[in-house]
Amino acid sequence: MAKRKVPGINASSMADISFLLLIFFLVTTSMNVNSGLSRRLPPPLPPGQKQPDVEVNRRNVLVILINSQNQILAGNNVVAIQELKQTVKDFITNPTNDPTLPVITPVKFPEIGVVNVAKDHVISLQNDRGTDYQAYIEVQNELVAAYNELRDELALNKFGAHYNACTQQQQDIISDVYPMKISEAEPKNYGGQ
Amino acid sequence: MSRFRKDGGRELPEISTASLPDIIFMLLFFFMATTSMKEVTYMVSIRVPEATELTKLEKKSLVRYVYVGQPRQDLIAKYGSETRLQLDDAFADVSQLEEYVTQERGTITGDDPNQMVISIKADRDTKMGIITDIKQALRRAYALKINYSASERGKSY
């Protein structure tokens with residue numbers, strides 16, 4: 001019984017095969033990461049129940065309306081998209097203690113100390129069925145931008161670093177100071193198709 | 001006198017390519033791990049809106065997509081140019097969305113199905129009417145975590 005020697009498998013084509021695989025994956029995959037604006041929807045109303053009238057102080061609510069011509073009404077004023085961020089920031093912080101802006105109360109936070117915050121503020125975003133999606137996203141974007149800027153300012157002020165550079169714990173404290181309160185109301189129809 | 005050799009002499013040893021497959025395989029695995037396969041074939045044409053304050057979608061296994069837009073140029077003749085909804089690879093109606101969400105929730109394994117994120121990929125010229133309908137349907141289906149897909153401003157592609 002003479003043992004046959006097993007011939008070594010030629011592996012020189014291995015490189016070609018793996019190159020082919022590599023190129024296949026390069027072509028079929030998309031590198032771009034999916035990104036967007038994250039939101040949380042309110043839970044559904046039980047069937048047959050009307051939207052409850054929640055008693056909120058009028059001054060604590062900023063109603064932002066976008067009509068079918070993509071014009072923006074914030075509170076009682078028509079604003080341009082560029083002005084919206086400042087309007088929202090003023091609304092959230094109420095720096096001058098304006099009686100038409102939200103009630104501010106001093107609240108003590110760990111590590112930061114006492115900050116005047118508008119605890120009960122709500123931004124209510126309403127749109128028409130004819131509003132353009134791009135306009136809607138722009139408004140959503142400005143709202144997030146306003147919050148992000150406020151958080152960043154506070155982080156720089158208190159911790160000496162940008163919000164994103166802070167530790168998780170610090171970020172939690174800051175987002176407690178400026179919690180994002182954007183309510184996407186029940187759909188309604190606002191004039192003009 | 002001179003000890004410089006003019007006519008070569010020693011031959012250069014051949015470079016071994018035995019490790020080439022390993023290198024290529026490493027590259028391959030890198031790309032496989034970092035990229036995502038194309039999700040579906042688009043039946044609708046979508047140019048997502050632009051924004052600046054974006055968050056990245058982190059766990060790919062938890063994300064499901066809803067596509068909204070006009071049917072693609074070559075499909076307009078067949079399906080008309082009205083804004084449509086696409087789920088997976090086919091056109092769908094808003095009324096099918098609830099069922100789709102429930103069904104997709106069952107496919108999430110290993111993670112909490114309640115963490116499912118619905119990403120709304122809609123064309124920027126879409127009217128809000130259909131988006132509102134989608135949002136209401138998602139609320140009814142208890143898919144409350146949503147994401148409005150958008151691209152970085154100035155970097156659209």
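What percentage of the 157 residues in chain B is made up of buried residues? In this predicted model, buried residues account for 23% of the 157 residues in chain B.

Figure 1. Along the sequence, the elements of chain B follow the pattern α-β-β-β-β-β-α-β-β-α-β-α-β-β. Of the contacts in chain B between residues at least 6 apart in sequence, 77% connect residues that are at least 24 apart.

**Figure 2. Chain A and chain B meet through 40 residues of chain A and 44 residues of chain B.** On the side of chain A that touches chain B, the elements giving two or more residues are α1 (14-28), β1 (29-30), β2 (35-40) and α3 (133-159) of chain A. This side of chain A comprises 20 nonpolar, 15 polar and 5 charged residues.

**Figure 3. A strand of chain A pairs with a strand of chain B.** The strands β2(A) and β4 (residues 55-56) of chain B run antiparallel and are joined by 2 bridges. Within this pairing, G36(A) is placed opposite T55(B) in β4(B).

**Figure 4. Chain A contains an open sheet of 5 strands with mixed pairing.** The strand order is β5-β4-β3-β8-β9 (chain A). At the edges stand β5 (77-79) and β9 (182-184) of chain A; each has a single partner strand, so one side of each is left without a neighbour in the sheet. On average, and with direction ignored, neighbouring strands of the sheet are turned by 25° against each other. The antiparallel strands β4(A) and β5(A) are joined by 3 bridges, and A74(A) stands opposite N77(A) in β5(A).

**Figure 5. Two helices of chain A contact the sheet.** Helix α2(A) packs on the sheet and touches β3, β4, β5 and β8 (122-127) of chain A. The direction of α2(A) makes about 15° with that of β4(A). Helix α3(A) lies across β3, β4, β8 and β9 of chain A and runs at about 155° to β3(A).

**Figure 6. Helices α2 and α3 of chain A cross each other.** The axes of α2 (residues 81-93) of chain A and α3(A) come within 9 Å, with a crossing angle of roughly 45°. At this angle α2(A) is oblique to α3(A). The crossing of α2(A) past α3(A) is right-handed. Residues of α2(A) in the contact include I81(A), L84(A), V88(A) and I92(A), and among those they meet in α3(A) are V139(A), L143(A), A146(A) and L150(A). The charged side chains in this contact include K85(A) and K89(A) of α2(A), together with E138(A), E142(A) and E149(A) of α3(A). By class, the residues of the contact divide into 9 nonpolar, 1 polar and 5 charged.

Figure 7. Most residues other than glycine have a negative phi. Because 17 C-beta neighbours lie inside 10 Å, N70(A) counts as partly exposed. With 9 other C-beta atoms within 10 Å, N97(A) is exposed.

Conventions: Residues are numbered from 1 along each chain as its sequence is written. Chains are lettered from A and ligands numbered from 1 in the order in which they are written. This is a predicted model: local features need pLDDT of at least 70, side-chain atom pairs count only at pLDDT 80 or more; totals for chains, interfaces and linings use all residues. Two residues are in contact if their C-beta atoms, placed from the backbone, lie within 7 Å. Helices (H or I, at least four residues) and strands (E, at least two) are DSSP runs, numbered from the N terminus. Ala, Val, Leu, Ile, Met, Phe, Trp, Tyr, Cys and Pro count as nonpolar, Asp, Glu, Lys and Arg as charged, and the others, Gly among them, as polar. Two strands pair if DSSP finds at least two bridges between them. A residue is buried if 20 or more other C-beta atoms lie within 10 Å of its own, exposed if 12 or fewer, and partly exposed in between; C-beta atoms are placed from the backbone. Axes are lines fitted to C-alpha atoms, for helices over the stretch in contact, and angles run from 0 to 180 degrees between N-to-C directions. Angles under 35 degrees count as roughly parallel, over 145 as roughly antiparallel, 65 to 115 as roughly perpendicular and the rest as oblique. A crossing is left-handed if the near helix is turned anticlockwise from the far one by less than a right angle, and right-handed if clockwise.
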